[in-house]
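Colleague: I would like to learn how to read a model like this one. Please start with a pair of helices.

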Amino acid sequence: MTPSEHPSFPVAARTALADTQLRHNLAHATHSIRDKRAAVVAELPDWEQLREAGRGLKERVMRHLDDHLLEFEAAVTAAGGTVHWARDGEACNRIVADIVAAQGVDEVVKVKSLTTEETELNQALARRGIRAWETDLAQLIIQLADDQPSHVLVPAIHKNRTQIRDLFRARLPDAPADLTDDPERLVQVARAHLRRLFLEAKVGISGANFGIAETGTVCVVESEGNGRMCTTLPEVLISVMGIEKVVPAWQDLEVFLALLPRSSTAERMNPYTSLWTGVCDGDGPREFHLVLLDNGRTNVLADQVGRQALYCIRCSACLNVCPVYERTGGHAYDSVYPGPIGAILTPLLSDLRDHRSLPYASSLCGACYEVCPVKINIPEVLVHLRDRVTSEPPPDRHGARGRVDPERLAMQAVARVFASRRAYESAQRAARRGQGPFVRNGSVRQLPGPLGAWTSARDLPPVAPQSFRDWWRSTHPENG
Amino acid sequence: MADARAEILARIRSALADVPASERPGDVPVAREYRRADDRSRDELVALFAQRVGDYRADVQRVPPVRLPEAIAQACSKQGLHRLAVPAGLPDAWPPAGIELVRDEGLSAAELDRIDGALTGCAAAIAETGTIVLDGGRLSGRRALTLVPDHHICVVTADQIHGQIAEALAAVATAVTEQHAPITLVSGPSASSDIELERVEGVHGPRHLTVLIAEPGA
């Protein structure tokens with residue numbers, strides 16, 4: 001993908017910020033889930049110990065990812081599953097499409113999976129004449145609206161109940177004409193619509209929340225029962241799993257199943273968790289394929305500071321507490337992974353040069369780090385990526401090397417001024433004299449000329465009429 | 001085409017050049033200082049489990065074992081259920097008279113879809129989270145049995161209730177490692193929070209969950 005295809009975060013955010021309905025929907029949803037999460041987390045006296053165990057387990061896995069994957073592969077195979085390896089999204093999609101095609105079907109049911117969104121599996125299947133039905137309610141809404149997900153857990157968080165009602169009426173032939181926007185009614189329409197598909201589908205496709213190296217067990221965590229349907233009823237099941245989702249042992253689920261539901265949906269436990277180990281005679285699919293996907297994960301692993309981004313268990317707590325996400329929503333991040341975790345994961349997974357503005361899509365307030373169930377230090381990685389952005393040359397589509405970077409020059413000038421007390425104080429005096437025309441209601445909203453780029457998304461406090469040093473000198477002449 | 005497996009493993013190893021060759025996975029410390037056992041009494045755990053299952057808007061009732069048939073009959077009449085699918089190993093003492101039982105000996109999804117509900121036991125339960133653990137065995141039944149019918153009536157015996165997630169997972173660990181048993185954790189009826197993050201019960205899984213806690217002396 002060329003850099004020009006990714007609009008910078010400030011540009012994309014402007015569209016979202018102008019949409020008052022969107023901002024209202026987001027503020028409502030994120031604030032209500034925030035309070036609920038805090039309540040169920042406070043219920044556990046050992047929450048911090050669980051977080052520390054989760055972090056430790058993920059660190060162990062990442063530092064020995066090859067060993068864990070080989071153990072996992074052997075266990076899945078021993079239990080009757082078939083393991084495939086895919087170095088990128090295209091390879092993954094080809095493997096999945098080949099398995100589906102071999103079954104001679106043109107329709108599959110799918111459980112919501114970020115990993116298959118990342119590889120754009122549905123589009124790839126469509127090109128092979130295979131229709132993939134999303135069965136998660138929010139994914140169905142997104143699919144019917146030809147929209148993009150905007151949240152890791154609740155992809156349609158940007159739509160309210162009335163918008164969803166209108167969409168169902170327009171796009172679902174079996175939706176009753178008198179459908180109201182009562183969520184219970186809307187859910188029943190989705191149930192009726194998908195029932196036939198579940199009962200008849202020959203092939204199911206899922207992602208994976210966890211893969212257990214010791215036993216070869218795959219885990220899918222969900223609420224609606226569509227995950228159970230897709231992983232139980234079809235004859236053939238294909239699960240796509242990022243290589244970082246492996247955890248060492250069966251016992252370790254006790255940590256992650258305590259951390260994930262409380263962090264994501266603010267529940268003590270999600271309604272359904274499915275754990276299957278290969279194939280089981282007479283119960284569930286007779287054929288199980290597991291696709292292990294790299295698609296940039298080894299790039300993340302190679303960045304020693306950024307490596308912790310792979311600990312992510314996709315709970316979305318960091319999105320819900322982020323002051324930036326709350327206002328812009330997910331689309332501004334232009335990635336399957338929005339919010340604070342997306343701001344570090346997206347540039348690390350693909351190419352930092354294509355996403356240079358994402359590490360700046362944060363006020364570094366640290367709320368994301370505080371709620372992260374596996375203690376990913378997102379602010380630390382953001383600062384590290386900002387450092388990489390300034391030290392690695394920007395992409396230059398015109399081929400000219402060593403182009404002058406005005407921000408870099410300005411920062412170098414500022415560094416010189418800040419290094420000398422005399423230069424700093426005379427700059428202060430000059431600013432005090434010159435800022436008059438730019439101060440509106442106590443802040444500088446728009447700096448002149450090229451400096452205006454900095455104030456396009458920020459206000460600047462004006463230089464105070466008297467500095468602390470000036471005040472000290474005038475009140476303590478004896479110490480001057 | 002180069003071998004993707006070999007290539008990915010090589011990329012992982014080169015990405016981990018900073019990890020000393022002598023380091024083993026077990027050398028990376030994992031602090032397990034969270035609660036792995038629960039010292040609350042059986043009575044407290046049963047009460048907590050009942051309350052937490054109820055919080056999910058499931059019907060929950062504590063009954064002495066001899067009154068199970070009566071409680072099941074009541075649940076059926078309340079929900080209008082006449083035919084129940086049951087797993088092969090369902091104890092004969094549980095089902096009431098007057099309800100038609102369909103033994104699951106490989107019922108198809110379409111057949112299960114035409115049955116009013118399922119009556120099963122379980123493998124374990126978790127008080128802290130109000131969770132039922134199904135293991136695909138003689139009491140829990142096949143996965144489809146507790147998934148396709150619209151009602152699930154589940155009998156949990158008091159001695160199956162553990163305090164912590166860790167204890168319940170340990171209880172089914174052997175079934176997983178030795179028999180590759182499929183494990184399903186059920187916490188309330190199916191639900192969705194996809195519309196404005198508001199929980200609504202009853203989506204694709206059973207819309208109604210009744211939990212009967214068989215407890216001597218209840």
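Modeller: The crossing of H9(A) and H10(A) is left-handed, where left-handed means that the near helix is turned anticlockwise from the far one by less than a right angle, and right-handed means clockwise. Helices here are DSSP runs of H or I with at least four residues, strands are runs of E with at least two, and both are numbered from the N terminus. This is a predicted model: local features need pLDDT of at least 70, side-chain atom pairs count only at pLDDT 80 or more, and totals for chains, interfaces and linings use all residues. Residues are numbered from 1 along each chain as its sequence is written, and chains are lettered from A and ligands numbered from 1 in the order in which they are written.

Colleague: At what angle do the axes of H9(A) and H10(A) cross?

Modeller: Two packed helices are described by the angle between their axes and the distance between the axes. For H9(A) and H10(A), the axes cross at roughly 35° and come within 10 Å. Axes are lines fitted to C-alpha atoms, for helices over the stretch in contact, with angles from 0 to 180 degrees between N-to-C directions.

Colleague: Which residues make the contact of H9(A) and H10(A)?

Modeller: Two residues are in contact if their C-beta atoms, placed from the backbone, lie within 7 Å. H9(A) contributes Arg161(A), Ile164(A), Arg165(A) and Phe168(A), while H10(A) contributes Pro183(A), Leu186(A) and Val189(A).

Colleague: Which residues of H9(A) are buried?

Modeller: An α-helix has 3.6 residues a turn, so residues three or four places apart point the same way. In H9(A), residues 161-171, the buried ones are Ile164(A), Arg165(A), Leu167(A) and Phe168(A). They lie on the same side of H9(A) because they cover an arc of only 165° around the axis, the arc being that of the directions from the helix axis to the C-beta atoms. Buried means that 20 or more other C-beta atoms lie within 10 Å of a residue's own, exposed means 12 or fewer, and partly exposed is in between, with C-beta atoms placed from the backbone. The face turned away from the buried side of H9(A) carries the exposed Thr162(A) and Ala170(A). The cover over the buried residues of H9(A) includes H8(A), residues 137-144, and H10(A), residues 183-200.

Colleague: In what order do the six strands of the open sheet in chain A come?

Modeller: Two strands pair if DSSP finds at least two bridges between them. The order is S1-S10-S7-S4-S2-S3 in chain A, with parallel pairing. At the edges are S1(A) and S3(A), each pairing on one side only. Within the sheet, S7(A) and S10(A) pair over seven bridges.
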